[in-house]
Structure formats: C-alpha cells, structure tokens
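Work through the exercises below with the sequence and the model side by side. Each task is followed by its solution in steps.

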Amino acid sequence: MSLNSLRVKVLLAYVAGMVLSFTLLVVAAVVMVKTNALARMDLADAAEELAQKVRFDNDGKPLGFDTSVDDLSWLYDGPQRETAYRILDDAGNGAHFSSAGAAFWPAGGDALRLARGSFDFEHDGMTVYGVTEPFEHGGRTWYLQFAATARFMDLLHRVALPLVGAGITVFGFVLFVAFGLCAYITLRYTLKPLRDVSESAAAISPRSLHARLKAHAVPSEIAPLVDSFNRALERLEHGYRVQQEFLGNAAHELKTPLALIRAQIELKEDGGSARDALLSDVEYMTRQVQQLLLLAEASEAHNYKFGVVQVQEVAQEAVSYLQRMAESAGVRLAVFAAAEGEVAWRADRGALFTLLKNLLENAIQHAPPKTLVTVEIHGDAVTVRDLGPGVEPAQLALLFERFWRAAHRRDRGAGLGLAICREIALAHGWHLTAERAEPGLRFRLSSMDGVREA
C-alpha cells in the first residue's frame, strides 16, 4: 500500500501511539522502581487499608486488626523483623504495637510527624520505609504507622513485577490486535464511500455527463469536494451540450443552402468544366455537412434505440449498400461468418449499420483494384480488412481523430467517418481498434455482450 494512503497513515498513527504508550509505561515503571516511589505507594495503599481494620476494646483503646475481615496478622507478628506497625494517639504516644515492639521504631524524627505521609529510618543497619495514615474513632484521631524493610519490598517487587510485566505484555498484545482489527475494519468501511465515488467519477464520460456523484454516504469532510465536483460536471455538461447543439444546428442550416446552390448549378445549361468543378465542391461540402450531422447524433446517447440485432444481416446490408461504390473502384466485398450460428448483439441497428458502412467505405477507398475487402463475424467481434498500403505504426493512433485523412485515399472525404465509428462504439460499450495486417489494415470491433443463436 502507498504511504500516501489515508488508511495507511491512520494505521501508522495508531501503531505509533501504541508504541509510544508502551514506551512511556516502561519508562514510568523503571523510574518508579529506581526512585522507590513504587514501594512508597504500595506502603501507602497498605496503610490506608489497614486503618480500616483496626479493632478497639470497650474503653476505646486499639487492640490490633479485625482478623475476621482479612487475617494477615501473621505478617506483622512473630519473630520476623521485616514489617511492623504501631498505633499512636493524637499526642504521639504509642497505644498499640506489633510484635516487633517499640524498639523497632525510632525515638524521634519524621516518624513522629503526625500527618499523612511517608518517612524513612534505619533499623539494625537496614533501610526501612514507613507511612502514616490518620483515621477517626470514638471522636478521636488516631495514627496508624506501617513500615517495611527495603529488602522485603525489593523481594515483593522481584516476585510481583515479572508477573505484572507478563500481564501487561499479554494485555498489550490483546489490546493491540483488538484495536488494530477494529481500526482496520472501521477504516475499510469508512473509506468505502470514497472508493465508490472514485469508481463513479472514473465511469463518467462525454456520453454520461448527466451522471452525478452521490454525496449522502460520503464523510462530511469529503462532501464539499464531491459537491464541487458535481458543480464542475454541471458546467462541463452545459458547455458540451452547447457545443453539440451548435454543431448540429450549423450542419442543419448549411444543408438547405447547399441544396439550393447545387440545384442552381445543375439548372445551368452551359458552364462546362467550371460547372463540373462547382458541383464537385458542393458535393464535398454536402458530404462534410452530412458527416457533421452524423457525428453530432452519434455523440448523444438518447439518439440510440437498443435491441437485439443480427450482426451478419446488418453486415450484408452494408455490403449491398456499397456494392456500386466497390464496383467503381474495382474492389470486391465479402462477408464471412467465422462463428457457428447467428451472432446477435444488443445494439442500435441504424448505428451499427453506419459503423460498418463507414469501415467498409474506408477500406474501399484504400484497397487496390482487383482486391478483396472482407468482413469476418465472430461471436464477440467483427473485423473489416483491406489489402491496401496500410498506415505507419505511428499513425494508428490518429485514425480515429476528427478531420484526419490518410495521404493515399481516393476521394476527398471529410475525415470524420472513423471518428463517427468511434463515437458509436463508445456509446455501445464496444472496443474499436485498428492494426496493421501486412498487407493492409484490419479494424476490429469487439463486444462483450455478443450471443450466438443456433
């Protein structure tokens, strides 16, 4: 996938965010372990929980912890010297001690600051972490102090941290996969309207300028772009319609004056070669006007009436129509059915006739005398071939350009015949190509909806 893809960028941002989150988590964990902040937090949490379990006698004096709630008295009593606790009154006097006794605790310093917080002290050459947690009972404020040696906390962390690390790793992997899958699916369905819009835009052509892109399912950030594109299509369609209307109107307006001029010239009894030259010019202009009309009609999809058409039948009609022209040029025409049975296409019959007629006219104009021009009908294609000089490879792309004419044709055509063929093929969804046949030139008309009938 391209790095310029919106989907790739969002996924990369997600991966970068996950990596950054894990990195910060690891850095925070290392800092807390190195600075003993984790040990102090653990002790503070333990002291807060213990303060809620202190048990008092009838005189309001602390006796220890309520073992019916959570019996952890073994952790603070006995011969061990790793943990201890004591309860002080609001004057700082010891009211109750764990089995370590008063000797475990320092006589002064931060330990006697009767406020919530942490403190450190030394005992038998060991560093001890302590915390103070105040609580209320019987209208008095008491202070629970809980302490644990550094080596004891280190032991706990050595045992707990690997388990916590493994848990974080598993959780992170599951989170990464789950969120990654959700992000991928979300992006896939979020960007689907954009793919649909792109395909719709790619399908728009001069024959479907009336189509518009649908913006109702497009993300709101992209909707203004789609609306702008639709407005641009409206302007293009308007300009295209104006151009086509001008072309058709101009051709229609020219037909009548040309017919009148031709009639006047023919009525003249004298004139000789000048009269013949004028008639030739008028005939050339009339042919150009007729071709312009056909080109304008071929460019408009609403001019077509589609139905099932027998291709061989239309080809025979085109050959019969051009038979006199072929005889004048000394060229023979033939239709061959390469497919078994009749070949039927979905097409406008008149447009298919015009297309085949123009291809045959072009072949006749370039074929040498006493040669054969053939029409071969296959199941999904029709080919028209002549045995003339053909064209250079560089000129193949120019054959369907408007007003382009080869140098060795016999007549003075307008150079619009093959352009009309291309417009008709595009309107039907066909593919029209030209290729060198050695000798001659072969035009191939391909259709994807051709069917055979027995």
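A residue counts as buried under 20% relative accessible area, as exposed over 50%, and as partly exposed in between. The model is predicted.

**Exercise 1. Classify R116 and E133, and state what their contact joins.**

Step 1. R116 has a relative accessible area of 57%, so by the cut-off of 50% this residue is exposed.
Step 2. E133 has a relative accessibility of 10%, which is under 20%, so E133 is buried.
Step 3. The closest N and O atoms of R116 and E133 are 3.1 Å apart. A salt bridge requires a side-chain nitrogen of Lys or Arg within 4 Å of a carboxyl oxygen of Asp or Glu, and R116 and E133 form one.

**Exercise 2. Which helices does the salt bridge between R349 and E317 tie together?**

Step 1. The closest N and O atoms of R349 and E317 are 2.5 Å apart.
Step 2. R349 sits in helix α8 (residues 349-366) and E317 in helix α6 (residues 311-321), so the pair ties together parts that are 32 residues apart in sequence.
Step 3. R349 is partly exposed, at 31%, and E317 is also partly exposed, at 34%.
Step 4. Through salt bridges that share partners, E313, E317 and R349 are joined into one network.
Step 5. A further salt bridge links E435 and R442, with 3.1 Å between the closest N and O atoms. E435 is partly exposed, with a relative accessibility of 29%.

**Exercise 3. In what order do the 5 strands of the open sheet lie, and which stand at the edges?**

Step 1. The order is β9-β11-β12-β14-β13, and the pairing is mixed.
Step 2. β9 (332-337) and β13 (431-436) have a single partner strand each, so they stand at the edges, with one side of each left without a neighbour in the sheet.
Step 3. From one strand to the next, the twist averages 15°.
Step 4. β11 (residues 372-377) and β12 (residues 381-386) pair in the antiparallel sense over 4 bridges. The two strands form a hairpin with 3 residues between them, and V375 stands opposite V384 in β12.
Step 5. β12 is also joined to β14 (residues 441-446), by 6 bridges in antiparallel direction. Here A381 has S446 in β14 as its bridge partner.
Step 6. Of the 6 residues of β12, 5 are buried.

**Exercise 4. Find the buried side of α6.**

Step 1. The buried residues in α6 include V311, V314, A315, A318 and V319.
Step 2. These residues cover an arc of only 140° around the axis, which puts them on the same side of α6.
Step 3. The face turned away from that buried side carries S320 and Y321, which are exposed.

**Exercise 5. Where do the aromatic rings of F104 and F121 sit, and how are they arranged?**

Step 1. The structure holds 9 aromatic pairs.
Step 2. The ring centres of F104 and F121 are 6.0 Å apart and the planes stand at 90°, so the pair is edge-to-face.
Step 3. F104 lies in the loop between β4 and β5 and F121 in strand β5, so the pair ties together parts that are 17 residues apart in sequence.
Step 4. F104 is buried, at 3% relative accessibility, and F121 is buried, at 9%.

Note on methods. Residues numbered from 1 in each chain as written. Predicted model: local features only at pLDDT ≥ 70, side-chain atom pairs only at ≥ 80, totals over all residues. Heavy atoms only, no water. Buried < 20%, exposed > 50% of the residue type's maximum accessible area, 1.4 Å probe, protein only. Pairing = 2+ DSSP bridges. Axes fitted to C-alpha atoms, helices over the stretch in contact; angles between N-to-C directions. Arc of directions from axis to C-beta. Phe/Tyr/Trp six-rings, centres within 6.5 Å; stacked < 30°, edge-to-face > 60°.
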